[in-house]
Amino acid sequence: MSTSAPAVNTLETPVMDSSYSTLLQSITEEGGYAFASMATLAAGGDNHAAEAAKEMAWEQLHSGPWHSVGPIWRDAYSMACLHVARNHFSSGEFKLSLKALDMGLIMGGLTLRDDLNSCIKKVSSALTEKDFSSSNNNNNSTDSTEEGQKKSELFGDQEIISRQHFNLPEVLQLLPSRSLSCKKVGRKSGLSLEEFLRDHFLCGSPVIISDCMVHWPAKNKWNDMNYLKRIAGFRTVPVEVGKNYLCPEWKQELITFSEFLERISSNECPSEDTTYLAQHQLFDQILELRQDILIPDYCFTGDGEIRSINAWIGPAGTVTPLHNDPHHNILSQVVGKKYIRLYPASLSEDLYPHMESMLSNSSQVDLDNIDEKAFPKVLDLDFVDCILEEGEMLYIPPKWWHYVRSLSTSFSVSFWWSDTGNSQGS
Ligand SMILES: O=C(O)CCC(=O)C(=O)O
C-alpha cells in the first residue's frame with residue numbers, strides 16, 4: 001500500500017474540493033453565473049480568473065446592508081479567496097497568500113472555514129521558516145551587535161504598555177464632566193454563580209468582578225510585543241481609524257497585526273487618526289489567541305448562548321461613544337485600564353438615541369462635549385461609573401448604555417451572551 005505525502009508547494013482544500021459542484025450550483029441559483037464560470041477557470045489554476053471571482057463576490061458582499069447579503073455569497077467569497085491564496089502560495093508569495101486567507105475568514109462564510117484555517121497553518125509556518133532563514137542569512141554576514149538589532153527590528157522587544165504612575169487629577173481632565181462623582185460600580189471578588197444570578201443578572205445590576213482572570217494565559221502574554229508579533233504579526237486585521245464611528249471622517253482599514261501594534265505603540269497619532277481594533281471577532285480568526293482566554297462561567301447564566309467574543313485593542317484615548325447592546329456582556333480588561341460610564345436602560349429616552357434604525361442604539365449626545373441646548377435632559381442624569389483596572393471584568397446588563405474611554409494602551413475582550421428571555425432588564 002502506498003501513501004502519498006502532502007504536496008509541499010500546494011495548499012490542500014478538502015472541504016472545498018468535495019463540495020465544489022454543490023456550492024457552484026447554489027451560487028448559480030442566486031444569479032452568480034459569471035462567478036461560477038470564473039471559479040471553474042480558477043479551479044484549473046487561472047490566476048486572473050481567481051482574482052476576478054474574488055472581485056465579483058466582494059461586490060455582492062457590498063451590494064446592500066450586511067444582513068441582507070445572501071449567505072451563499074459569503075461562501076463564494078471564501079472559495080475565491082482560497083483559489084487566490086493557492087496561486088500565491090505555489091509561486092512563493094506567502095504574505096499575499098496569507099492575506100487572501102485572512103480576508104476569507106473575515107468576510108467569508110462558515111462552510112469553508114476549516115480549509116481556510118488549515119491553509120493558514122501551512123502558510124504561516126512557511127512564512128516563519130522563510131523569515132527565519134532570511135534573518136539567519138543576514139546574521140551570518142553581520143556581527144553579534146547587529147544581530148541583536150535585526151532580531152529586535154523583526155520582533156520588537158518592548159512591552160505594550162509601560163507602567164507609568166497614574167495621576168487621577170490629570171485623568172479627570174480627560175474624562176467627561178461629573179466623572180467619578182456619582183455612585184461607583186461595586187467590586188466583588190469570589191462572586192459565586194448564585195450571587196451573580198440573584199444580585200446582578202436577574203435584576204440587571206452592573207458589577208466589577210475583580211478576580212476572574214487569574215488563570216488566563218493572556219494576562220502574562222499580551223503585554224509582550226515579541227509574543228504578539230510572533231503569533232499574529234503577519235495576519236491581516238480590520239481596524240477603525242478616526243475619533244469614533246459616529247464621526248464623518250471615520251474609516252476602516254485592513255492592515256497587518258504587526259503594523260497595527262507599531263501604530264499603537266508609537267503613540268504619535270493625533271486623535272483624528274486614532275487606530276482602534278474594535279468589536280472584531282479576533283479569536284475566531286486567530287485561533288492561537290483564542291487559547292489565551294477562558295470564557296467566564298458567569299457567561300452561561302440564563303441558559304442562553306455566547307453570541308460573540310470581541311477584541312478591543314488600541315492606544316490611550318480610544319472612545320466608544322454612548323450606546324447600548326441587546327446582550328449580556330462581560331467586558332474583560334486584560335492589558336491597561338479604561339474609564340466606563342453606565343446609564344440604566346430605563347433612561348433611554350433622556351439619552352437621545354439616534355433616529356436612523358442603523359444607529360438607534362447610539363446616543364446623539366457626545367459626552368466629551370455635550371451640546372447643552374440640544375440635549376438638556378442628559379446633564380443631571382444619574383449614572384454609575386468606574387475605572388476598570390487590568391485583570392478586572394465588568395458585567396454590563398443588556399440595554400444598559402455605556403461610554404468607554406481607554407486611559408492607556410488597552411486590550412479588552414467582551415463576551416456577549418443571550419438568555420432564554422426569562423430575566424428582567426432594569
Ligand atoms: O471597550 C470599548 O471601547 C467598548 C466596549 C463595548 O462597547 C462593549 O463591550 O459592548
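Cys182 is exposed, because 12 other C-beta atoms lie within 10 Å; the cut-offs are 12 or fewer such neighbours for exposed, 20 or more for buried and anything in between for partly exposed, with C-beta atoms placed from the backbone. You will find Cys182 in the loop between helix 8 (168–174) and strand 1 (183–184). Helices (H or I, at least four residues) and strands (E, at least two) are DSSP runs, numbered from the N terminus. Leaving aside neighbours within four places in sequence, Cys182 is in contact with Asp382, Phe383, Val384 and Asp385, where contact means that the C-beta atoms of two residues, placed from the backbone, lie within 7 Å. Phe383 is 201 residues from Cys182 along the chain, yet their C-alpha atoms are separated by 6.7 Å.

Before going further, a word on the model. It is predicted, so local features need pLDDT of at least 70 and side-chain atom pairs count only at pLDDT 80 or more, while totals for chains, interfaces and linings use all residues. Residue numbers start from 1 along each chain as its sequence is written.

Now step back to the whole chain. It has 14 helices and 14 strands, and buried residues make up 38% of its 426 residues. Of the contacts between residues at least 6 apart in sequence, 75% join residues at least 24 apart.

Let's turn to the helix pairs. The axes of helix 2 (residues 33–43) and helix 3 (residues 47–61) come within 8 Å and cross at roughly 150 degrees. Axes here are lines fitted to C-alpha atoms, for helices over the stretch in contact, and angles run from 0 to 180 degrees between N-to-C directions. Helix 2 and helix 3 are therefore roughly antiparallel, a label for angles over 145 degrees; under 35 counts as roughly parallel, 65 to 115 as roughly perpendicular and the rest as oblique. On the helix 2 side, Ala34, Phe35, Met38, Ala39, Leu41 and Ala42 meet Ala49, Ala50, Ala52, Ala53, Met56 and Ala57 of helix 3. By class, this contact has twelve nonpolar, no polar and no charged residues. Ala, Val, Leu, Ile, Met, Phe, Trp, Tyr, Cys and Pro count as nonpolar, Asp, Glu, Lys and Arg as charged, and the others, Gly among them, as polar.

Helix 3 also has helix 4 (residues 71–90) as a partner: their axes come within 8 Å and cross at roughly 155 degrees, which means that this pair is roughly antiparallel. The residues in contact include Ala50, Ala53, Ala57 and Leu61 of helix 3, and Trp73, Arg74 and Tyr77 of helix 4. Here the contact divides into eleven nonpolar, four polar and three charged residues.

Leu61, in helix 3, deserves a look of its own. It counts as partly exposed because it has 16 C-beta neighbours inside 10 Å. Beyond residues up to four places away in sequence, Leu61 touches Val69, Trp73, Arg74, Tyr77 and Met107. Leu61 and Arg74 are 13 residues apart in sequence, with 7.1 Å from C-alpha to C-alpha.

Finally, where does the ligand sit? It is surrounded by Trp312, Thr320, Asp325, Asn329, Leu331, His402, Val404, Ser412 and Ser414, each with its C-beta atom, placed from the backbone, within 6 Å of the ligand. Strand 9 (328–335), strand 13 (401–406) and strand 14 (410–417) are the elements that give two or more residues to this shell. Its classes are three nonpolar, five polar and one charged.
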